[in-house]
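Dear colleague,

Please find below the structure that I am handing over to you. My findings follow directly after it.

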Amino acid sequence: MSIDEGNKIIGEFMGYIMYDKKYPRNHGIGFGSDRRDMIIQKAKYHSSWDALIQVINKVNEYAEVYIRSGGQCNIHFIGEVINIKAESMIDATWLAVIEFIRYFNREKNHLAELYIKNTKP
């Protein structure tokens, strides 16, 4: 998977409308903007902890994210575990988040039901 493909998956999960670099001039660029669109090539989820931590916080609404030294990230949810090992902590976390989002997109109705059930008093 390319960086652009991964960042597009994450951006859409975060609620952005993702555009290729050939975009009309009136589109925003994402962070710090009140607009909810982003140019795929400007997304920095793969290289910026500031960008990726926002995603981790959203994933933590449905799962538990464990970032480990040595380039490892684990995401635990409803009896499942995503375990990714990569060259760096940010690479492992980026890849694990993408894997979680893919699962989430396939199973979001079920995950949302479990989340609501587990958060009701």
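Apart from its neighbours within four places in sequence, Val97 is in contact with Ile10, Val55, Val59 and Ile75. Please bear in mind that this is a predicted model. Val97 belongs to helix H3, which covers residues 89-119. With a relative accessible area of 0%, Val97 counts as buried, because the cut-off for that term is under 20%. Ile82 stands 15 residues from Val97 along the chain, and 8.9 Å separates the C-alpha atoms of the two.

One of the contacts of Val97, Ile10, is also listed among the buried residues of helix H1 (residues 3-13). After H1 comes Gly15, which has a positive phi, near 95°.

Trp49 is part of helix H2, residues 49-59. Is Trp49 buried, exposed or partly exposed? Its relative accessible area is 34%, and Trp49 is therefore partly exposed, as this value falls between the limits of 20% and 50%.

Finally, a word on confidence. The protein chain has a mean pLDDT of 85, and 80% of its residues reach 70 or more. Within the chain, confidence is highest in H2, at 96, and lowest in strand E2 (residues 37-39), where the mean is 80.

Yours sincerely,
A colleague

Terms used. Residues numbered from 1 in each chain as written. Predicted model: local features only at pLDDT ≥ 70, side-chain atom pairs only at ≥ 80, totals over all residues. Heavy atoms only, no water. Helix = DSSP H or I, 4+ residues; strand = E, 2+ residues; numbered from the N terminus. Buried < 20%, exposed > 50% of the residue type's maximum accessible area, 1.4 Å probe, protein only. Contact = heavy atoms within 4.5 Å. pLDDT = per-residue confidence, 0-100.
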